[in-house]
Amino acid sequence: MTPSSEVAREFPATLAGPYADGLDLPYWEGLRAGELRLQRCGECGLWIWGPRWMCGQCQVFDPEWVAVEAVGRVFSWSRTWHSFIPELAGELPFITVLVELPHAGGRRVLGLLTEDGDADIAIGDAVSGIIQQPADAPWPLLRWQRAGTPPETEQGEHR
Ligand SMILES: [Zn+2]
């Protein structure tokens with residue numbers, strides 16, 4: 001397993017920045033402020049991702065944006081060997097992780113792992129988010145790195 005103390009791998013920007021309708025603008029502004037922000041319904045408490053104009057559970061409009069600690073567990077992952085977009089052609093292979101956030105009601109967010117693409121990743125690995133600012137992007141991006149070697153009690157569970 002690659003220790004997290006290594007220098008985090010940086011990727012070129014892809015699809016960075018808010019959509020024209022402004023729905024996800026608070027997410028991007030959060031990254032600029034050094035925070036991961038997700039929506040949470042002020043009425044029923046539901047955590048929402050991706051961004052929505054309205055809570056899907058109680059139909060209240062404009063869910064608020066709340067800063068969430070960017071730590072979680074790998075719920076699923078995928079190693080990509082094929083260049084689907086030119087920006088990442090020189091980065092193959094790379095690992096995409098679906099991270100479950102315990103501080104956001106178990107909501108799951110997608111992102112790139114900063115380790116080498118041949119890293120020994122496993123479901124259940126602890127990860128933490130890091131905010132990177134690619135030189136070619138107007139907005140920062142959230143990436144994920146493993147928090148380090150899991151405690152002894154967890155190693156056998158996932159391998
Ligand atoms: Zn609600």
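## Aromatic rings and charges: exercises

The charged end of Arg108 lies 3.4 Å from the centre of the Phe75 ring and sits over that ring; such a contact requires NZ of Lys or CZ of Arg within 6 Å of the ring centre and within 35 degrees of the ring normal. This is a predicted model, in which local features need pLDDT of at least 70 and side-chain atom pairs count only at pLDDT 80 or more, while totals for chains, interfaces and linings use all residues. Residues are numbered from 1 along each chain as its sequence is written, and side-chain values use heavy atoms, with hydrogens and water left out.

**Exercise 1.** Classify the pair formed by Tyr27 and Trp49.

*Solution.* Step 1: rings of Phe, Tyr and Trp (its six-membered ring) pair if their centres lie within 6.5 Å; planes under 30 degrees apart are stacked, over 60 edge-to-face, the rest tilted.

**Exercise 2.** Classify the pair of Trp28 and Trp139, and state whether each residue is buried or exposed.

*Solution.* Step 1: with 6.3 Å centre to centre and 65° between the planes, Trp28 and Trp139 are edge-to-face. Step 2: buried means under 20% relative accessible area, exposed over 50%, partly exposed in between (1.4 Å probe, protein chains only). Step 3: Trp28, at 7%, is buried, and Trp139, at 13%, is buried.

**Exercise 3.** Which residues form one aromatic cluster, and which residue lies over the face of Trp139?

*Solution.* Step 1: the cluster consists of Tyr27, Trp28, Trp49 and Trp139. Step 2: Arg32 lies over the face of Trp139, 3.6 Å from the ring centre.
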